[in-house]
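Let's take a friendly walk through a protein model, looking at its charged pairs, its core and one of its pockets. Have a look at the structure before reading on.

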Amino acid sequence: MITAATMRDPGAMPHRSMLFVPGSNASMMSTAYVYGADAIMFDLEDAVALREKDSARLMVFHALQSPVYAGTDTVVRINPLDTPYGRDDLEACVRAGARTIRLPKTDSADDIRELEHEVEDIERDCGREVGSTRLMAAIESASGVVNAVEIAQASPRMVSIALAGFDYVIDLQTTRSREGTELFYARCAVLHAARVAGIAAYDVVWSDVNDEEGFLAEVELIKRLGFNGKSLVNPRQVPLLHEAFAPTEDELAHAQVVVAAAEKAERDGLGVVSLGGKMIDAPIIVAARRTIAFADASGVRRQERHA
């Protein structure tokens with residue numbers, strides 16, 4: 001059985017981009033893997049009209065079993081369990097082998113515990129390894145933000161938590177701005193909840209695909225805050241996001257020196273790592289390894305981008 005220790009490792013590989021793919025768009029579903037996103041999220045909720053719910057579910061069921069997605073981290077955003085579609089979505093996607101289920105409109109830890117119970121029943125019934133289906137919570141309300149820590153810790157299956165900005169700003173009785181001031185508290189709350197639970201945090205989508213300058217400014221903001229990545233609505237945003245998360249040449253060089261010093265200290269049996277006369281503690285080494293992982297995935301930038 002997969003345990004929390006093996007599932008909760010957002011630093012094991014970069015998960016910068018999660019690309020939304022409408023479950024009713026057969027053309028995009030057949031090609032989405034070519035865009036190089038770290039995760040593909042098949043959407044059965046908002047992107048699918050009511051009259052297409054059943055056909056979209058069937059298409060996602062088959063896509064999840066396609067060999068072209070065998071090496072892809074697949075996520076499915078199901079409909080809420082209290083709708084006529086949610087449980088059918090869950091049944092189909094768990095049986096088809098979805099790696100992660102994204103629960104929209106998560107307001108409390110009880111929502112995750114209910115989802116976990118349903119997933120386990122389906123795994124046992126279909127013969128899938130119990131515990132192998134991971135969970136992600138989408139925070140879309142003031143209640144969800146206030147309860148974010150409890151939500152993030154509600155199940156050992158939880159691997160990430162995502163902020164969804166559209167419904168959240170409606171709940172706050174405000175509007176989405178280019179600067180994102182209205183999201184600052186929610187971003188901090190969701191990010192802190194993720195770090196308490198040891199899971200990944202994803203930022204909101206940037207819906208104006210033609211405003212690359214605004215998109216990159218927002219990416220720099222959430223990168224500085226500490227988010228692992230961002231949900232995306234257009235394939236054009238994937239390379240922009242990945243390049244923005246890439247370290248500079250100087251950052252990579254420093255990280256390599258730090259990791260080399262740590263490895264030498266380990267080989268020499270030293271309990272303390274020293275570099276240039278300064279002590280290097282564990283968080284710095286972890287950050288250096290993360291920088292190298294991002295460079296391996298994205299390459300490097302020649303200079304720091306300024307928002």
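Is Asp110 buried, exposed or partly exposed? Asp110 is partly exposed, with a relative accessible area of 49%. Keep in mind that this is a predicted model.

## Salt bridges

The structure holds 24 salt bridges. In one of them, the side chains of Lys105 and Glu45 meet at 2.6 Å, N to O. Lys105 sits in the loop between strand E4 and helix H5, and Glu45 in the loop between strand E2 and helix H3, so this pair ties together parts that are 60 residues apart in sequence. Glu45 is buried at 4% relative accessibility, while Lys105 is partly exposed at 33%.

Asp110 also has a partner: its side chain meets that of Arg113 in a salt bridge of 2.7 Å, N to O. Both residues lie in helix H5, 3 residues apart, which is about one turn of the helix. Arg113 is partly exposed too, with a relative accessible area of 42%. Elsewhere, shared partners join Asp43, Glu45, Arg77, Lys105, Glu140 and Asp167 into one network of salt bridges.

## The nonpolar core

The largest nonpolar core has 66 residues, and among those that touch the most other members are Phe42, Leu90 and Ile161. Helix H9 gives the largest share of this core, 7 residues. A second, separate core has 13 residues, including Ala255 and Ile285.

Helix H8 supplies the largest share of the lining, 4 residues. By type, the lining divides into 12 nonpolar, 4 polar and 10 charged residues.

Notes. Residues are numbered from 1 along each chain as its sequence is written. This is a predicted model: local features need pLDDT of at least 70, side-chain atom pairs count only at pLDDT 80 or more; totals for chains, interfaces and linings use all residues. Side-chain values use heavy atoms; hydrogens and water are left out. Helices (H or I, at least four residues) and strands (E, at least two) are DSSP runs, numbered from the N terminus. Ala, Val, Leu, Ile, Met, Phe, Trp, Tyr, Cys and Pro count as nonpolar, Asp, Glu, Lys and Arg as charged, and the others, Gly among them, as polar. A nonpolar core is a set of buried Ala, Val, Leu, Ile, Met, Phe, Trp, Tyr and Cys residues joined through side-chain atoms within 4.5 Å. Buried means under 20% relative accessible area, exposed over 50%, partly exposed in between (1.4 Å probe, protein chains only). A salt bridge is a side-chain nitrogen of Lys or Arg within 4 Å of a carboxyl oxygen of Asp or Glu.
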